[in-house]
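Subject: Structure handover

Hi,

Here is the structure I promised to pass on. My notes follow below it.

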Amino acid sequence: MKAMKTTSLKHSTALLLAGLSLATAASLPPITGSAQGAWEANEVKGKSTVYRCEKDIDIGRIYICNSKYPENIQNERAQYNPEVQEFSYVKLVSHDAVLNAFRRAFTAEEIGKLAELGEDVSLLIYIGEGGQILKLDFSIMTGTIISPASIETLENELLKGMRFEVIGKRFDYPIFYHIFLRVYFSEVEKGELRP
């Protein structure tokens, strides 16, 4: 009789521990989990978008590009050259558009966790002669907890909200400007992006 109670107690304890493990896993924010492993391949999929990935282990970054964009935009357009061409540059109309895109792509809890981990997302933006976004690439830390699905949501939100204006000479032939923005989640959490 005693052995039967012990077996029953062991079985009940095992079921309780399994239930607690499942409940703990279910309560974790969706950004955690196997996001680090998600970036191991040369191509990864978000919800519906395929991204090309390249890792630079020396500097600890992963470079991400939506596969719908050409790999080399220089094949189609010339890059603006201030040494040869008349004075011209592009300016982001509002940093609020970037801040709002991050806040729509990540929950407050996710932003807090990413800020705590010191994470950032670098935006590599190619802009055409009329201020239109031609291509948007990303760079994240190699040990990131950001998932491909989160990058896809962020990309969609940025493309919806970001606008650029051309200052100085406006060209009437295909060129591109290249802009680099690094957004720290600590800034997003505070609601203030560096200009």
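How much space lies in the second largest pocket? About 180 Å³. Keep in mind that this is a predicted model.

**Second largest pocket**

The lining consists of L92, H95, V98, F164, I179, L181, R182, V183, E187, L193, R194 and P195. Two elements, α3 (95-105) and β9 (175-184), each give two or more residues to this lining. β9 gives the most, with four residues. By class, the lining has eight nonpolar residues, one polar and three charged.

**Largest pocket**

Here the space comes to about 240 Å³. The lining residues are N42, R52, C53, E54, Y63, I64, C65, E71, L124, K135 and D137. They divide into five nonpolar, one polar and five charged.

**Y126**

Y126 sits in strand β6, which covers residues 120-128. Is Y126 buried or exposed? Y126 counts as buried because its relative accessible area is 13%, and the cut-off is under 20%. Beyond its neighbours within four places in sequence, Y126 is in contact with I73, Q132, I133, L134, K135, D137, F176, Y177 and H178.

**T144**

T144 is in the loop between β7 and α5. T144 has a relative accessible area of 0%, so it is buried. Where does its side chain reach? It reaches the backbone nitrogen of I146, at 2.9 Å.

**Helix α5**

Next comes α5, residues 148-161. This helix has 14 residues. From first C-alpha to last it reaches 20 Å, close to the 20 Å expected at 1.5 Å a residue. Which residues of α5 are buried? They are P148, S150, I151, E152, T153, L154, E155, E157 and L158. An α-helix has 3.6 residues a turn, so residues three or four places apart point the same way. Among the buried residues of α5 are I151, L154 and L158. The buried list also includes the charged residues E152, E155 and E157.

Over to you.

Best wishes

Notes: Residues numbered from 1 in each chain as written. Predicted model: local features only at pLDDT ≥ 70, side-chain atom pairs only at ≥ 80, totals over all residues. Heavy atoms only, no water. Expected span 1.5 Å × (residues − 1). Buried < 20%, exposed > 50% of the residue type's maximum accessible area, 1.4 Å probe, protein only. 1 Å grid on protein atoms, 1.4 Å probe; cavity = no way out; pocket = protein on both sides within 12 Å on 5 of 7 lines; lining within 4 Å. Points joined across faces, edges and corners; volume = space filled by probe spheres on them. Polar contact = N/O pair within 3.5 Å; in protein donor to acceptor, adjacent residues only side chain to side chain. Contact = heavy atoms within 4.5 Å.
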